[in-house]
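Hi,

Here is the structure I promised to pass on.

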Amino acid sequence: MFAGFLRSSTSALFSVSRTLPRTAIPTRLAIRLMSTGPNVTDTIYVANLPYNMTDDDVRYELGSFGTIKDVKMAVNPNGVPMGYAHVTFDSPEEAERLYQSHQTEPFVFGTRQARIELSKQPLRVREPRAPVPTNTVPTRTIYLGNLPYNMTEEDIRYELSSFGEITRVRMGANSRGLALGFAHVDFSDVSQATSVYKAHEEQPFMFGGRQTIMDYGKTSRRDEKEKRSPSDTIFVGGFPDGAEAELREAFGKFGRIMRVHVAYDAEGRSRRFAHVQFAQQECAEKAFDHYMKEPLVLDSLQMNIDYQEAKNTSPKDPNPKLYFYDFIGDEKAMRELLGPYAANVVSVYFLRNNYSEKANAGFIHMSDIESATDLLDKLNGTRTGEGASLKLEYARRRDDERARSPRRSFGDDEMF
């Protein structure tokens with residue numbers, strides 16, 4: 001799928017040029033080339049390559065010198081090409097032929113004159129490696145390794161959809177969203193994943209000139225433990241900072257959203273997860289089913305979707321502090337809404353996100369428990385002028401909580 005496209009689009013750009021004279025090689029490089037002895041090796045080191053050159057391009061340009069067994073393109077930890085590669089031929093004679101050809105007329109890829117040397121590692125007969133432990137227990141998940149870094153989820157679905165229904169593709173990526181060259185593919189049934197695995201055993205898959213590493217994926221947490229029961233709240237993992245509007249838009253089409261809770265730590269940094277609470281559980285179930293089939297992607301990152309884990313719903317002990325959320329307005333608007341109860345307010349505190357912006361949640365500290373209880377009974381659920389409603393509950397006492405991290409998340413109803 002990829003070789004034809006890459007060859008047609010890049011062969012003109014990276015075609016080998018033999019127009020530069022031998023004297024065009026810098027003196028320092030010429031000395032190094034002349035001092036490099038003809039090692040007995042089947043591997044060529046090629047440097048000063050264009051950064052957008054792929055292993056397919058290398059195979060295309062150098063394949064006329066012999067059978068290329070392997071091309072290892074160097075990339076940094078973020079998956080960005082580093083401009084050099086090791087090319088292994090079927091025999092040392094083929095590697096030597098390419099090396100001597102370069103000595104006569106240096107190769108130029110694009111506008112860069114390549115640096116080509118025989119690998120310093122001598123050819124040696126390697127002892128057979130011990131078999132790599134594999135997950136021999138079939139699961140409905142297939143692990144794919146050694147993928148081209150430009151391979152996408154759509155490419156994987158195109159290549160493997162003939163084996164069965166693909167419910168989810170999880171592309172390996174770092175914190176910056178750059179591909180890491182592997183993926184997990186979930187099929188709807190174990191038998192479908194098994195058919196892919198057996199097909200690979202008979203004839204290994206090749207994507208973009210790379211032979212794929214395939215294994216059964218490890219059993220997911222969802223398969224290992226009891227599934228979470230459906231609820232009116234969806235957990236969103238891997239949530240990118242500053243994407244709350246996109247999150248509301250993605251879930252708002254399934255029903256009325258009561259609350260979006262984005263988690264931040266005490267320093268205002270994103271904890272990379274959020275909760276979306278719907279007015280009705282059936283809306284949450286529709287959203288869950290939809291994004292299990294078509295993964296939610298925000299800011300080029302695929303989200304991890306699940307139901308919110310059930311928590312202890314026992315009522316909190318009455319105390320002078322109340323937690324409020326989904327309130328639109330400032331402290332003045334809050335005191336006006338409280339009316340006569342404002343006389344017993346000690347303080348109103350609004351939480352802030354990592355942009356130091358005022359959030360729609362916070363705490364009301366009343367003068368005593370009786371005032372807090374009265375306020376909760378009379379004003380909880382009161383409609384505000386913005387079309388929303390004031391939501392109140394007792395704040396959680398620290399001494400009633402289990403051991404916690406010193407950090408807290410935005411919207412946590414804990415005592416201050």
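This is a predicted model: local features need pLDDT of at least 70, side-chain atom pairs count only at pLDDT 80 or more; totals for chains, interfaces and linings use all residues.

Let's start with the second largest pocket. Its volume comes out at about 540 Å³. The lining has 25 residues, and those closest to the pocket centre are Met 171, Ala 173, Ser 300, Leu 301 and Gln 302. Three elements each put at least two residues into that lining: helix 5 (153-160), strand 8 (166-173) and strand 17 (301-302). Strand 8 has the largest share, with five residues. If you sort the lining by class, you get 11 polar, nine nonpolar and five charged residues. At the domain level, domain 2 (141-216) and domain 3 (233-307) each contribute at least three residues to the lining.

Next, strand 1, which covers residues 43-47. Is it buried or exposed? Five of its five residues are buried, so the strand is largely enclosed by the rest of the structure. The cut-off behind that is a relative accessible area under 20%. Thr 43, Tyr 45 and Ala 47 point one way from the strand, while Ile 44 and Val 46 point the other way, and all of them are buried.

Which strands does strand 1 pair with? One is strand 3 (residues 81-89), in the antiparallel sense and over five bridges. Within that pairing, Thr 43 has Thr 88 as its bridge partner, and Ala 47 has Tyr 84. Another is strand 6 (residues 115-118), which runs antiparallel to strand 1 and is joined to it by four bridges.

Most residues other than glycine have a negative phi. Asn 48 has a positive phi, near 65 degrees. You'll find Asn 48 in the loop between strand 1 and helix 3 (55-62). With a relative accessible area of 34%, Asn 48 is partly exposed. Asn 146 has a positive phi too, of about 60 degrees. This residue sits in the loop between strand 7 (141-145) and helix 5, and Asn 146 counts as partly exposed at 33% relative accessibility.

Last, His 365, which is found in strand 21 (residues 358-366). His 365 is partly exposed, with a relative accessible area of 25%. What does His 365 contact, leaving aside its neighbours within four places in sequence? The list is Pro 320, Lys 321, Asn 344, Val 345, Val 346 and Ser 347. Val 345 is 20 residues away from His 365 along the chain, and the C-alpha atoms of the two are separated by 6.0 Å.

That's what I have for now.

Cheers

How values were computed: Residues are numbered from 1 along each chain as its sequence is written. Side-chain values use heavy atoms; hydrogens and water are left out. On a 1 Å grid over the protein atoms alone, a cavity is a set of points where a 1.4 Å probe fits but cannot get out, and a pocket is an open set with protein on both sides within 12 Å along at least five of seven lines; lining residues have an atom within 4 Å of a point. Grid points are joined across faces, edges and corners, and a volume is the space filled by probe spheres set on the points. Ala, Val, Leu, Ile, Met, Phe, Trp, Tyr, Cys and Pro count as nonpolar, Asp, Glu, Lys and Arg as charged, and the others, Gly among them, as polar. Domain bounds come from an automatic or database domain assignment. Buried means under 20% relative accessible area, exposed over 50%, partly exposed in between (1.4 Å probe, protein chains only). Two strands pair if DSSP finds at least two bridges between them. Contact means heavy atoms within 4.5 Å.
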